[in-house]
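User: I would like to go through the labels used for this model and see what each one rests on. Please set each value against its cut-off.

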Amino acid sequence: MARQALKHELRSKGVDDEIAQMALEQVDDADEEERARELARTKLRPASMGVDREKALRRLVGMLGRKGYNGSMAFRVAREEWDARFGEH
């Protein structure tokens with residue numbers, strides 16, 4: 001989960017804001033980006049995801065967005081991971 005989604009999840013479970021903030025401070029930008037990359041790679045495993053680059057990127061960005069990742073990170077990670085898996089076009 002991205003920090004934003006984690007924050008929402010902790011709040012919905014009734015975790016005190018101070019404790020939630022301490023937990024969120026444990027996740028840095030690099031950790032968050034690496035988790036986004038892991039999710040993207042998992043989604044890109046089927047070769048069929050490489051058939052239509054634009055369609056695959058839309059799906060990846062949507063999935064990452066639903067997991068709480070911000071738009072700029074989601075777009076960047078999706079493009080970079082698709083290119084790494086299937087080659088640049």
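Analyst: This is a predicted model. To begin, α1 and α2 are roughly antiparallel to each other.

User: Why are α1 and α2 called roughly antiparallel?

Analyst: Helix α1 (residues 3-12) and helix α2 (residues 17-25) pack at an angle of about 155°. The label applies to angles over 145 degrees, so α1 and α2 are roughly antiparallel. Their axes are 10 Å apart, and α1 passes α2 in a right-handed crossing.

User: Which residues of α1 and α2 meet?

Analyst: From α1 they are R3, L6, K7, L10 and R11, and from α2 they are D17, A20, A23 and L24.

User: How do you know that the length of α5 agrees with its number of residues?

Analyst: Helix α5 has 16 residues (residues 71-86), which at 1.5 Å a residue should span 22 Å. The end C-alpha atoms of α5 are 22 Å apart, so the two values agree. Just after α5, G87 takes a positive phi of about 90°.

User: Which residues of α5 are buried, and what covers them?

Analyst: The buried residues in α5 are M73, A74, V77, A78, E81, W82 and D83. What covers them includes α3 (29-43) and α4 (53-66).

User: Why is the contact of R37 with E80 called a salt bridge?

Analyst: The closest N and O atoms of R37 and E80 are 2.3 Å apart. The cut-off is 4 Å, so the pair qualifies as a salt bridge. R37 lies in helix α3 and E80 in helix α5, so the pair ties together parts that are 43 residues apart in sequence.

User: Are R37 and E80 buried or partly exposed?

Analyst: R37 has 11% relative accessibility; buried means under 20%, so R37 counts as buried. E80 is at 36%, between the 20% and 50% limits, so E80 counts as partly exposed. Salt bridges that share partners join E33, E34, R37, R41, R76, E80 and E81 into one network.

User: What makes E34 and R41 a salt bridge, and how accessible are these residues?

Analyst: Their side chains meet at 3.4 Å, N to O, which is within 4 Å. E34 is at 34% relative accessibility and therefore counts as partly exposed. R41 has a relative accessible area of 36%, so R41 is partly exposed.

User: How do you know that E38 and R35 are separated by about one helical turn?

Analyst: E38 and R35 are three residues apart in helix α3, which means about one helical turn. An α-helix has 3.6 residues a turn, so residues three or four places apart point the same way. E38 forms a salt bridge with R35, with the closest N and O atoms 3.2 Å apart. E38 is partly exposed with a relative accessible area of 35%, and R35 is partly exposed with a relative accessible area of 35%.

User: How many salt bridges does the rule give?

Analyst: The count comes to 12 salt bridges.

Methods. Residues are numbered from 1 along each chain as its sequence is written. This is a predicted model: local features need pLDDT of at least 70, side-chain atom pairs count only at pLDDT 80 or more; totals for chains, interfaces and linings use all residues. Side-chain values use heavy atoms; hydrogens and water are left out. Helices (H or I, at least four residues) and strands (E, at least two) are DSSP runs, numbered from the N terminus. The expected span of a helix is 1.5 Å times one less than its number of residues. Buried means under 20% relative accessible area, exposed over 50%, partly exposed in between (1.4 Å probe, protein chains only). Contact means heavy atoms within 4.5 Å. Axes are lines fitted to C-alpha atoms, for helices over the stretch in contact, and angles run from 0 to 180 degrees between N-to-C directions. Angles under 35 degrees count as roughly parallel, over 145 as roughly antiparallel, 65 to 115 as roughly perpendicular and the rest as oblique. A crossing is left-handed if the near helix is turned anticlockwise from the far one by less than a right angle, and right-handed if clockwise.
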